[in-house]
Amino acid sequence: MTDRLIIHRAPWLLPISHPPIADGGLAVQAGKIIGVGRFQEILRSHPGATILEHPETVLMPGLVNAHTHLELSHLAYLTQGPALASFTGWIGHMLAERAKIDADKKTILAAARAVLAQQQAQGVVALADISNTGLIQELAPEFPGHLLCLKEYLGLRAAGLAASLHNLEREQETLSCTAHAPYSTHLDLLQALKQRAAATKQVFSIHVAESLAEHDLISQGKGAMRHFLEERGFWDGSFQPTGKKSKGAFSYLHQHGLLDSQTLCVHGIQVTEQEIELLAESGAKVCLCPGSNRYLGVGRAPVADYLRKDILPALGTDSLTSNPQLSIWREMRLLAEEHPAVEPADILRMATLGGAAALGLDKQLGSLDAGKEAAILAVQLTEPIKMPFSLAEYLVYHNISVSSFTLN
């Protein structure tokens with residue numbers, strides 16, 4: 001990092017928080033953005049600055065991957081073929097393969113490190129990683145951006161609750177801890193994890209409303225998910241469903257005081273209009289994973305409905321066990337294909353500002369604004385862009401080449 005005052009000039013700036021700027025200037029000093037606007041205006045405001053030209057380029061904020069599981073990267077072969085017929089079948093197969101391989105620390109970290117390097121090369125400047133083992137924390141110092149590591153707790157049976165709560169009490173305060181899902185985590189443990197996250201001002205991320213099997217269990221205590229849990233000895237009858245077919249996982253979280261502005265609901269597919277209202281009222285965040293959802297065949301999230309309620313979702317890739325390619329650029333393209341009525345500009349907001357807000361990093365990342373980190377992408381334009389509205393469409397639908405990770 002240098003303390004030099006630098007003005008980066010490009011044909012286009014895409015601030016995300018403001019409309020695109022033609023012939024833009026971005027003033028950067030000591031790793032921070034200090035000015036954004038038209039080049040001539042920025043030049044007058046910052047005399048003596050070094051000017052760096054970026055021809056045929058758009059400068060934009062770095063991407064955010066708000067949900068992934070790096071510790072499962074060594075199981076990438078699972079998505080080389082078609083997915084199993086059911087969501088519970090996929091869970092069972094993934095768990096069986098993970099146990100069968102029983103990979104050592106070196107193997108897990110090597111595969112995770114390779115994926116993390118790929119994410120960096122694609123312009124991802126922040127990731128939220130969910131881990132059972134805690135191994136991925138060792139990679140945080142290697143990543144030049146923000147790697148938020150969350151240790152995941154699960155356990156539905158009442159018999160294991162005391163041990164889980166005891167282990168949670170012994171965790172270091174700086175370690176972010178979270179829950180797997182409502183169908184896999186005892187309510188008392190969910191609430192303890194949520195209370196801890198609130199007290200330490202950490203993100204509470206949870207898989208929620210992903211499959212119909214989950215919805216059937218949450219609302220009625222029946223169906224394929226219950227059969228799955230019974231077969232594995234995880235069901236003891238202590239789980240209390242919402243009791244109504246129309247009330248799913250979001251209603252369950254709301255009913256038990258688990259929805260607020262620090263809650264990050266991952267997937268959010270099986271959701272009613274009333275539950276979207278609950279989300280909007282609570283300020284809870286949503287993370288969409290279109291690639292994983294498509295591979296597993298669990299459905300599509302109601303993206304337009306979220307946006308209508310002023311809920312800006314984040315985007316995540318999930319893991320290589322449910323998504324054959326981890327790329328936020330691909331997630332944007334899939335979302336655009338599946339929801340053609342959603343504006344490309346909104347999809348770009350999801351991949352940047354939406355992700356930053358979901359992880360509590362929106363004061364540092366997600367847009368080109370003065371005071372934020374200079375975690376900026378320089379994206380090559382392979383064809384001239386003449387109109388601002390064409391810029392978002394180009395970035396969402398084209399194969400993108402990121403020529404720079406950050407400009408300091």
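I began with the contact between H4 and H5 (contact means heavy atoms within 4.5 Å). From H4, I listed Leu-161, Ser-164, Leu-165 and Leu-168; they meet Asp-188, Leu-189, Ala-192, Leu-193 and Arg-196 in H5. I sorted these by class and got six nonpolar, one polar and two charged residues. Ala, Val, Leu, Ile, Met, Phe, Trp, Tyr, Cys and Pro count as nonpolar, Asp, Glu, Lys and Arg as charged, and the others, Gly among them, as polar.

The model is predicted: local features need pLDDT of at least 70, side-chain atom pairs count only at pLDDT 80 or more, and totals for chains, interfaces and linings use all residues. Residues are numbered from 1 along each chain as its sequence is written, and side-chain values use heavy atoms, with hydrogens and water left out.

Next, the geometry. Helix H4 spans residues 161-170 and helix H5 residues 187-200; they pack at about 10°, axes 10 Å apart. Axes are lines fitted to C-alpha atoms over the stretch in contact, and angles run from 0 to 180 degrees between N-to-C directions. H4 and H5 are therefore roughly parallel (under 35 degrees).

Then I turned to strands. Helices (H or I, at least four residues) and strands (E, at least two) are DSSP runs, numbered from the N terminus. Two strands pair if DSSP finds at least two bridges between them.

I traced S2 (21-29) against S3 (32-38): antiparallel, six bridges. Leu-26 stands opposite Val-36 in S3. The hairpin leaves two residues between S2 and S3, and Ala-30 in the turn has a positive phi of about 55°.

Which order do the four strands of the open sheet take? I read S10-S11-S12-S13, with parallel pairing. The edge strands are S10 (204-208) and S13 (314-315). Cys-287 has Ala-314 in S13 as its bridge partner.

Definitions and conventions
Parallel < 35°, antiparallel > 145°, perpendicular 65-115°, else oblique.
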